[in-house]
Amino acid sequence: MDFTLSEEQLMIRQAARDFSRNELLPGVIERDEAQKFPKAQIKKMGEMGFMGMMVDPIYGGSGLDTISYAIAMEEFSKVDSSASVVVSVNNSLVCWGVETFGNEAQKEKYLKRLATGEIIGAFCLSEPEAGSDATSQRTTAIDKGNHYVLNGTKNWITNGNTAEVYLVIAQTDKEKGHKGINALIVEKGMEGFEIGPKENKLGIRGSDTHSLIFNDVIVPKENRIGEDGFGFKFAMKTLAGGRIGIAAQALGIASGAYELALKYSKERKAFGTEISNHQAIAFKLADMHTQIEAARHLVYKAAWDKDQGNNYDLSGAMAKLYASQVAMETAVEAVQIHGGNGFVKDYHVERLMRDAKITQIYEGTSEIQKIVISRDILRD
């Protein structure tokens with residue numbers, strides 16, 4: 001086993017770290033309070049190649065491995081999870097989905113612009129009654145020969161208003177169950193496609209989360225990804241990779257909170273000495289560091305499995321389950337170490353605590369990850 005990062009991976013980490021400090025950190029508190037989408041920062045990320053990290057260079061991507069992507073996600077998420085979730089969705093769900101399962105015409109038309117960050121994409125699966133239960137799609141795509149007629153509502157869609165391209169999962173034939181579901185590429189501006197109000201969220205407040213409404217939207221047949229009925233399998237395969245991105249985001253939130261707590265503990269004095277010299281604080285830091293390192297290994301293992309062509313359903317689910325748990329626990333402890341200052345926005349840890357919670361919910365709740373893990377380990 002080799003735990004050493006390559007020279008290229010180290011360079012990616014430094015580039016992402018520098019970008020986070022120089023471009024994401026300034027104004028991050030103000031963007032959170034105003035629920036402002038980091039438009040300028042995302043544009044620069046695209047210019048630097050971070051919006052299509054794993055895409056083949058022939059389609060405008062950076063052609064990097066999944067570990068490099070996880071490393072960059074961790075660094076971005078230490079500072080601004082609202083920005084990092086845009087990177088995650090565009091890379092893991094939209095670009096990867098189109099490149100892996102789309103046809104050549106779809107790649108030429110959409111992937112090149114997505115990979116360079118010229119436009120960003122959105123992945124549309126969740127509905128009021130179909131989030132964790134992805135088979136219960138109420139959104140319908142009725143086959144009309146050379147096109148589909150799309151009707152329904154999608155909820156909690158990241159990049160809901162800023163995206164130009166939407167991958168929409170919809171039911172075509174209810175009688176076939178999950179084999180009657182299709183994945184369609186929908187463009188902003190198509191007649192009958194409406195964007196609902198922005199959600200007022202606990203965390204990742206700068207990310208653009210909306211409901212989407214489809215009223216008799218005509219989607220050309222050439223915008224279907226894969227064969228008829230491939231939509232459910234497309235969603236599950238794409239989400240499996242998406243979990244690695246969110247696991248890396250959770251890892252970054254935990255790392256960011258820990259680093260702030262460590263620094264603060266060396267500066268803040270109580271009872272005549274720095275609080276890091278008190279065992280109560282030192283032991284908290286020891287636990288945080290150990291758990292973060294364990295989460296990092298789980299995330300890198302899932303990314304490595306994906307790069308090696310191994311099945312990464314189990315490793316990805318374990319990485320997301322554990323990393324999101326560590327993010328939540330570490331962020332709470334970081335606030336505790338900061339004491340009263342931890343409750344104040346200027347110290348950043350309260351925002352990281354709010355951001356951490358969503359990592360236990362989106363791209364499959366922690367309960368869903370346990371279903372995935374238990375099914376795998378109990379399989380004959």
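**Helices side by side**

Modeller: Let's start with who touches whom: on the α9 side, Ala 327, Met 328, Ala 331, Val 332, Ala 334, Val 335 and His 338 meet Val 349, Glu 350, Leu 352, Met 353, Ala 356 and Lys 357 of α10. Sort the residues of this contact by class and you get 10 nonpolar, 1 polar and 2 charged. Keep in mind that this is a predicted model.

Now for the geometry. Two packed helices are described by the angle between their axes and the distance between those axes. For α9 and α10, the axes come within 8 Å and cross at roughly 160°. An angle over 145 degrees counts as roughly antiparallel, so α9 and α10 are roughly antiparallel to each other. Their crossing is left-handed.

Next, look at the other partner of α9. Helix α8 covers residues 279–308 and α9 covers residues 313–338, and their axes come within 9 Å, crossing at roughly 155°. That makes α8 roughly antiparallel to α9. The contact of α8 with α9 has 16 nonpolar, 5 polar and 4 charged residues. As for handedness, α8 passes α9 in a left-handed crossing.

Is Thr 365 buried or exposed? Its relative accessible area is 19%, so Thr 365 is buried, given that buried means under 20%. Setting aside neighbours within four places in sequence, Thr 365 is in contact with Ser 132 and Gln 360.

Note on methods
Residues are numbered from 1 along each chain as its sequence is written. This is a predicted model: local features need pLDDT of at least 70, side-chain atom pairs count only at pLDDT 80 or more; totals for chains, interfaces and linings use all residues. Side-chain values use heavy atoms; hydrogens and water are left out. Axes are lines fitted to C-alpha atoms, for helices over the stretch in contact, and angles run from 0 to 180 degrees between N-to-C directions. Helices (H or I, at least four residues) and strands (E, at least two) are DSSP runs, numbered from the N terminus. Angles under 35 degrees count as roughly parallel, over 145 as roughly antiparallel, 65 to 115 as roughly perpendicular and the rest as oblique. A crossing is left-handed if the near helix is turned anticlockwise from the far one by less than a right angle, and right-handed if clockwise. Ala, Val, Leu, Ile, Met, Phe, Trp, Tyr, Cys and Pro count as nonpolar, Asp, Glu, Lys and Arg as charged, and the others, Gly among them, as polar. Buried means under 20% relative accessible area, exposed over 50%, partly exposed in between (1.4 Å probe, protein chains only). Contact means heavy atoms within 4.5 Å.
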